Amino acid sequence: MNHEHRRDIGDFVKKSSTACKSIDINGETLPYRVEQRSVKYPRLELKTDELLVILPRGWKDEESLLKEKKDWIFKKRSEIRGALEKLREGAGERSLPIFGEFFELRQGSSLLVDIEKKIIECDTGDDGQLRRLAGILRKMLAKELQEAAEHYSRKFGVGFKRICVKRQRSKWGSCSHRGNLNFNLWLVCLPKELVWYLACHEVAHLRERGHRRPFWALVKGEFENYRELEKKLFGYWFLVQKYSRTVFPPGKNLF
(Lines give C-alpha, C1' and ligand atoms only; values in the text may rest on other atoms or scores of the structure.)
Protein backbone atom coordinates (compact mmCIF):
# COMPACT_ATOMS: atom_id res chain seq x y z
CA MET A 1 0.00 0.00 0.00
CA ASN A 2 1.47 3.37 -0.98
CA HIS A 3 1.61 6.53 1.09
CA GLU A 4 -1.48 8.04 -0.54
CA HIS A 5 -3.67 5.11 0.49
CA ARG A 6 -2.45 5.31 4.09
CA ARG A 7 -3.39 8.94 4.50
CA ASP A 8 -5.96 9.97 7.06
CA ILE A 9 -9.39 10.92 5.77
CA GLY A 10 -8.83 14.29 7.38
CA ASP A 11 -5.89 14.84 5.01
CA PHE A 12 -7.81 13.42 2.06
CA VAL A 13 -10.87 15.70 2.22
CA LYS A 14 -10.35 19.42 2.74
CA LYS A 15 -13.12 21.89 3.50
CA SER A 16 -12.98 25.64 3.28
CA SER A 17 -15.06 28.15 5.20
CA THR A 18 -17.19 28.79 2.08
CA ALA A 19 -18.43 25.16 1.81
CA CYS A 20 -16.26 24.67 -1.27
CA LYS A 21 -14.63 21.28 -0.93
CA SER A 22 -11.73 19.47 -2.53
CA ILE A 23 -10.02 16.11 -2.37
CA ASP A 24 -6.41 15.13 -2.80
CA ILE A 25 -5.86 12.63 -5.62
CA ASN A 26 -2.26 11.43 -5.62
CA GLY A 27 -0.93 14.86 -4.79
CA GLU A 28 -3.35 16.87 -6.95
CA THR A 29 -6.33 18.85 -5.74
CA LEU A 30 -9.71 18.13 -7.31
CA PRO A 31 -12.67 20.38 -6.38
CA TYR A 32 -16.03 18.75 -5.78
CA ARG A 33 -19.54 19.65 -4.79
CA VAL A 34 -22.33 17.66 -3.22
CA GLU A 35 -25.94 17.40 -4.34
CA GLN A 36 -28.67 15.54 -2.47
CA ARG A 37 -31.31 14.01 -4.72
CA SER A 38 -34.15 11.50 -4.55
CA VAL A 39 -31.92 8.54 -5.42
CA LYS A 40 -31.46 5.18 -3.72
CA TYR A 41 -27.68 4.93 -3.94
CA PRO A 42 -24.86 7.50 -3.91
CA ARG A 43 -22.81 8.02 -7.06
CA LEU A 44 -20.02 10.13 -8.51
CA GLU A 45 -19.99 12.06 -11.80
CA LEU A 46 -16.94 13.59 -13.41
CA LYS A 47 -18.25 15.48 -16.44
CA THR A 48 -16.29 18.71 -15.99
CA ASP A 49 -13.13 19.68 -14.14
CA GLU A 50 -15.22 19.43 -10.97
CA LEU A 51 -16.36 16.19 -9.33
CA LEU A 52 -20.06 15.91 -8.55
CA VAL A 53 -21.05 13.78 -5.55
CA ILE A 54 -24.72 12.77 -5.69
CA LEU A 55 -26.14 11.51 -2.38
CA PRO A 56 -29.55 10.22 -1.31
CA ARG A 57 -31.48 12.77 0.73
CA GLY A 58 -30.41 12.69 4.35
CA TRP A 59 -27.02 11.13 3.57
CA LYS A 60 -24.46 13.40 5.20
CA ASP A 61 -21.15 11.53 4.97
CA GLU A 62 -19.58 11.74 1.53
CA GLU A 63 -16.06 11.35 2.88
CA SER A 64 -16.10 7.56 3.21
CA LEU A 65 -17.56 7.28 -0.31
CA LEU A 66 -14.79 9.45 -1.74
CA LYS A 67 -12.11 7.45 0.00
CA GLU A 68 -13.62 4.19 -1.24
CA LYS A 69 -13.81 5.50 -4.83
CA LYS A 70 -10.41 7.21 -4.86
CA ASP A 71 -8.91 4.72 -7.35
CA TRP A 72 -11.92 5.14 -9.65
CA ILE A 73 -11.54 8.93 -9.56
CA PHE A 74 -7.83 8.67 -10.37
CA LYS A 75 -8.50 6.27 -13.26
CA LYS A 76 -11.28 8.46 -14.65
CA ARG A 77 -9.10 11.58 -14.52
CA SER A 78 -6.32 9.73 -16.31
CA GLU A 79 -8.73 8.62 -19.04
CA ILE A 80 -9.95 12.18 -19.48
CA ARG A 81 -6.42 13.58 -19.72
CA GLY A 82 -5.42 10.93 -22.24
CA ALA A 83 -8.44 11.68 -24.40
CA LEU A 84 -7.75 15.43 -24.24
CA GLU A 85 -4.12 15.05 -25.28
CA LYS A 86 -5.18 13.26 -28.46
CA LEU A 87 -7.58 16.05 -29.41
CA ARG A 88 -5.64 19.19 -28.47
CA GLU A 89 -3.22 19.17 -31.39
CA GLY A 90 -3.25 22.57 -33.07
CA ALA A 91 -4.77 24.37 -30.10
CA GLY A 92 -3.26 27.63 -28.94
CA GLU A 93 -3.47 29.22 -25.51
CA ARG A 94 -6.73 30.89 -26.53
CA SER A 95 -8.62 28.78 -28.99
CA LEU A 96 -12.10 27.54 -29.78
CA PRO A 97 -12.74 24.46 -31.94
CA ILE A 98 -15.35 24.92 -34.66
CA PHE A 99 -16.30 21.76 -36.54
CA GLY A 100 -13.11 20.14 -35.27
CA GLU A 101 -10.67 22.89 -36.29
CA PHE A 102 -9.16 25.29 -33.77
CA PHE A 103 -9.87 28.97 -34.31
CA GLU A 104 -7.54 31.53 -32.76
CA LEU A 105 -9.27 33.83 -30.27
CA ARG A 106 -8.20 37.47 -30.42
CA GLN A 107 -9.31 40.31 -28.22
CA GLY A 108 -10.80 43.10 -30.32
CA SER A 109 -13.20 46.00 -30.19
CA SER A 110 -15.71 44.43 -32.59
CA LEU A 111 -16.88 40.95 -33.48
CA LEU A 112 -15.25 39.17 -36.41
CA VAL A 113 -15.46 35.50 -37.41
CA ASP A 114 -13.10 34.68 -40.28
CA ILE A 115 -13.79 31.11 -41.42
CA GLU A 116 -10.94 30.97 -43.96
CA LYS A 117 -8.24 32.30 -41.61
CA LYS A 118 -9.73 30.48 -38.60
CA ILE A 119 -9.84 33.61 -36.43
CA ILE A 120 -12.45 34.83 -33.96
CA GLU A 121 -12.03 38.41 -32.81
CA CYS A 122 -14.27 39.92 -30.15
CA ASP A 123 -14.42 41.83 -26.90
CA THR A 124 -14.99 39.01 -24.40
CA GLY A 125 -16.09 41.58 -21.82
CA ASP A 126 -18.99 42.69 -24.03
CA ASP A 127 -22.02 40.47 -23.41
CA GLY A 128 -23.70 41.80 -26.54
CA GLN A 129 -20.82 40.60 -28.71
CA LEU A 130 -20.79 37.23 -26.98
CA ARG A 131 -24.52 36.83 -27.62
CA ARG A 132 -24.00 37.63 -31.30
CA LEU A 133 -21.13 35.15 -31.47
CA ALA A 134 -23.31 32.48 -29.87
CA GLY A 135 -25.98 33.30 -32.47
CA ILE A 136 -23.48 32.83 -35.31
CA LEU A 137 -22.35 29.48 -33.91
CA ARG A 138 -25.95 28.37 -33.40
CA LYS A 139 -26.83 29.26 -36.99
CA MET A 140 -23.81 27.36 -38.36
CA LEU A 141 -24.69 24.29 -36.33
CA ALA A 142 -28.42 24.41 -37.06
CA LYS A 143 -27.75 24.43 -40.80
CA GLU A 144 -25.55 21.32 -40.54
CA LEU A 145 -27.99 19.53 -38.25
CA GLN A 146 -30.96 20.30 -40.49
CA GLU A 147 -29.21 18.74 -43.47
CA ALA A 148 -28.13 15.69 -41.47
CA ALA A 149 -31.50 15.15 -39.78
CA GLU A 150 -33.39 15.40 -43.06
CA HIS A 151 -30.98 12.89 -44.63
CA TYR A 152 -31.44 10.29 -41.90
CA SER A 153 -35.18 10.84 -41.50
CA ARG A 154 -35.57 9.97 -45.20
CA LYS A 155 -33.39 6.87 -44.81
CA PHE A 156 -35.20 5.66 -41.69
CA GLY A 157 -38.66 6.54 -42.92
CA VAL A 158 -39.50 8.83 -40.02
CA GLY A 159 -40.31 12.49 -39.57
CA PHE A 160 -39.29 15.06 -36.99
CA LYS A 161 -41.07 18.27 -36.04
CA ARG A 162 -38.25 20.70 -35.39
CA ILE A 163 -34.64 21.05 -34.34
CA CYS A 164 -33.77 23.02 -31.21
CA VAL A 165 -30.18 24.09 -30.47
CA LYS A 166 -29.42 25.23 -26.93
CA ARG A 167 -26.69 25.12 -24.32
CA GLN A 168 -26.95 21.91 -22.30
CA ARG A 169 -24.99 20.85 -19.21
CA SER A 170 -24.94 17.08 -19.41
CA LYS A 171 -25.81 15.69 -22.85
CA TRP A 172 -25.12 16.13 -26.55
CA GLY A 173 -28.71 15.69 -27.66
CA SER A 174 -32.12 14.17 -27.08
CA CYS A 175 -35.30 13.21 -28.91
CA SER A 176 -38.66 14.15 -27.40
CA HIS A 177 -41.83 12.06 -27.59
CA ARG A 178 -43.32 14.84 -29.69
CA GLY A 179 -40.72 14.32 -32.40
CA ASN A 180 -38.52 17.32 -31.58
CA LEU A 181 -34.75 16.92 -31.85
CA ASN A 182 -32.76 18.81 -29.22
CA PHE A 183 -29.03 19.38 -29.58
CA ASN A 184 -26.34 20.96 -27.45
CA LEU A 185 -24.92 24.17 -28.93
CA TRP A 186 -21.42 22.83 -28.36
CA LEU A 187 -21.84 20.26 -31.11
CA VAL A 188 -20.51 23.14 -33.20
CA CYS A 189 -17.08 22.32 -31.77
CA LEU A 190 -17.13 18.73 -33.05
CA PRO A 191 -15.88 17.43 -36.40
CA LYS A 192 -18.75 17.20 -38.85
CA GLU A 193 -18.59 13.39 -38.85
CA LEU A 194 -19.53 13.45 -35.16
CA VAL A 195 -22.26 16.05 -35.75
CA TRP A 196 -23.80 13.77 -38.38
CA TYR A 197 -23.38 10.74 -36.13
CA LEU A 198 -25.26 12.48 -33.30
CA ALA A 199 -27.98 13.58 -35.71
CA CYS A 200 -28.27 9.96 -36.88
CA HIS A 201 -28.41 8.79 -33.27
CA GLU A 202 -31.30 11.07 -32.34
CA VAL A 203 -33.27 10.49 -35.55
CA ALA A 204 -32.87 6.74 -35.00
CA HIS A 205 -34.72 7.21 -31.70
CA LEU A 206 -37.79 8.17 -33.70
CA ARG A 207 -37.82 4.53 -34.81
CA GLU A 208 -36.37 2.85 -31.72
CA ARG A 209 -36.85 4.68 -28.42
CA GLY A 210 -34.40 2.77 -26.26
CA HIS A 211 -30.80 1.70 -26.72
CA ARG A 212 -31.58 -1.92 -27.36
CA ARG A 213 -30.13 -4.08 -30.13
CA PRO A 214 -32.52 -2.88 -32.90
CA PHE A 215 -31.50 0.72 -32.22
CA TRP A 216 -27.77 0.03 -32.51
CA ALA A 217 -28.36 -2.08 -35.61
CA LEU A 218 -30.00 0.95 -37.21
CA VAL A 219 -27.08 3.22 -36.24
CA LYS A 220 -24.50 0.65 -37.30
CA GLY A 221 -26.05 0.55 -40.77
CA GLU A 222 -24.93 4.17 -41.18
CA PHE A 223 -21.84 4.22 -38.95
CA GLU A 224 -20.01 0.90 -38.82
CA ASN A 225 -17.46 2.56 -36.50
CA TYR A 226 -20.04 3.87 -34.01
CA ARG A 227 -18.18 2.43 -31.02
CA GLU A 228 -15.07 4.38 -32.00
CA LEU A 229 -17.15 7.53 -32.45
CA GLU A 230 -18.67 7.09 -28.99
CA LYS A 231 -15.14 7.01 -27.54
CA LYS A 232 -14.26 10.19 -29.41
CA LEU A 233 -17.35 11.90 -28.00
CA PHE A 234 -16.10 11.10 -24.51
CA GLY A 235 -12.91 13.07 -25.16
CA TYR A 236 -14.63 15.90 -26.99
CA TRP A 237 -17.04 16.43 -24.10
CA PHE A 238 -14.15 17.47 -21.87
CA LEU A 239 -12.39 19.36 -24.66
CA VAL A 240 -15.50 21.45 -25.21
CA GLN A 241 -15.86 22.11 -21.47
CA LYS A 242 -12.31 23.41 -21.39
CA TYR A 243 -12.24 25.63 -24.47
CA SER A 244 -15.79 26.98 -24.52
CA ARG A 245 -15.19 28.56 -21.12
CA THR A 246 -12.37 30.67 -22.51
CA VAL A 247 -15.04 32.56 -24.48
CA PHE A 248 -18.31 31.98 -22.63
CA PRO A 249 -17.83 32.07 -18.83
CA PRO A 250 -20.09 29.69 -16.88
CA GLY A 251 -22.97 31.34 -15.08
CA LYS A 252 -23.61 34.08 -17.66
CA ASN A 253 -26.94 33.89 -19.45
CA LEU A 254 -25.73 34.56 -23.01
CA PHE A 255 -27.87 32.07 -24.85
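**Helix packing and salt bridges**

Colleague: Let's start with two helices: is the crossing of α6 and α7 left-handed or right-handed?
Modeller: Keep in mind that we're looking at a predicted model. Helix α6 covers residues 192–204 and helix α7 covers residues 213–220. The crossing these two make is right-handed.

Colleague: Which residues of α7 make the contact with α6?
Modeller: On the α6 side, the contact uses Y197, C200, H201 and A204. Their partners in α7 are F215, W216, L218 and V219.

Colleague: What do you call the way α6 lies relative to α7?
Modeller: Two packed helices are described by the angle between their axes and the distance between the axes. Here the axes of α6 and α7 come within 10 Å and cross at roughly 140°. Roughly antiparallel would need an angle over 145 degrees. That's why α6 counts, relative to α7, as oblique.

Colleague: Now for α5 and α6: at what angle do their axes cross?
Modeller: Helix α5 takes up residues 127–156, and its axis comes within 9 Å of that of α6. The crossing is right-handed. Its angle makes α5 oblique to α6, and the value is roughly 50°.

Colleague: How many charged residues does the contact of α5 with α6 have?
Modeller: The α5 side includes L141, E144, E147 and F156, among others. Those residues of α5 meet a set in α6 that includes K192, W196 and C200. By class, the contact has 12 nonpolar and 2 polar residues, and the charged ones number 3.

Colleague: Switching to charges, how many salt bridges are there in the whole structure?
Modeller: Side chains of opposite charge can pair when their charged atoms come close. One case is a network of salt bridges that links R33, E35 and R37. Searching the whole structure gives a total of 11.

Colleague: How many residues apart in sequence are E28 and R77?
Modeller: Their side chains meet in a salt bridge, with N to O at 3.8 Å. E28 belongs to strand β3 (residues 28–37) and R77 to helix α4 (residues 70–87), so the pair ties together parts whose separation in residues is 49.

Colleague: Which strand holds E101, the partner of K118?
Modeller: The side chains of K118 and E101 meet in a salt bridge at 3.6 Å, N to O. K118 sits in the loop between β8 and β9, while E101, 17 residues apart from it, lies in β7.

Colleague: What is the relative accessibility of E101?
Modeller: K118 is partly exposed at 28%. E101 counts as partly exposed too, with a value of 42%.

Colleague: E224 forms a salt bridge with K220; is E224 buried or exposed?
Modeller: The two side chains meet at 3.9 Å, N to O. K220 has a relative accessible area of 37%, so it is partly exposed. The cut-off for exposed is over 50%. E224 has 60%, so it is exposed.

Colleague: Last one: what percentage of the protein chain is made up of buried residues?
Modeller: The chain has 8 helices and 12 strands. It runs to 255 residues, and the buried ones make up 43%.

Definitions and conventions. Residues numbered from 1 in each chain as written. Predicted model: local features only at pLDDT ≥ 70, side-chain atom pairs only at ≥ 80, totals over all residues. Heavy atoms only, no water. Axes fitted to C-alpha atoms, helices over the stretch in contact; angles between N-to-C directions. Helix = DSSP H or I, 4+ residues; strand = E, 2+ residues; numbered from the N terminus. Parallel < 35°, antiparallel > 145°, perpendicular 65-115°, else oblique. Left-handed = near helix turned anticlockwise from the far one by under 90°. Contact = heavy atoms within 4.5 Å. Salt bridge = Lys/Arg side-chain N within 4 Å of Asp/Glu carboxyl O. Buried < 20%, exposed > 50% of the residue type's maximum accessible area, 1.4 Å probe, protein only. Nonpolar A, V, L, I, M, F, W, Y, C, P; charged D, E, K, R; others polar.
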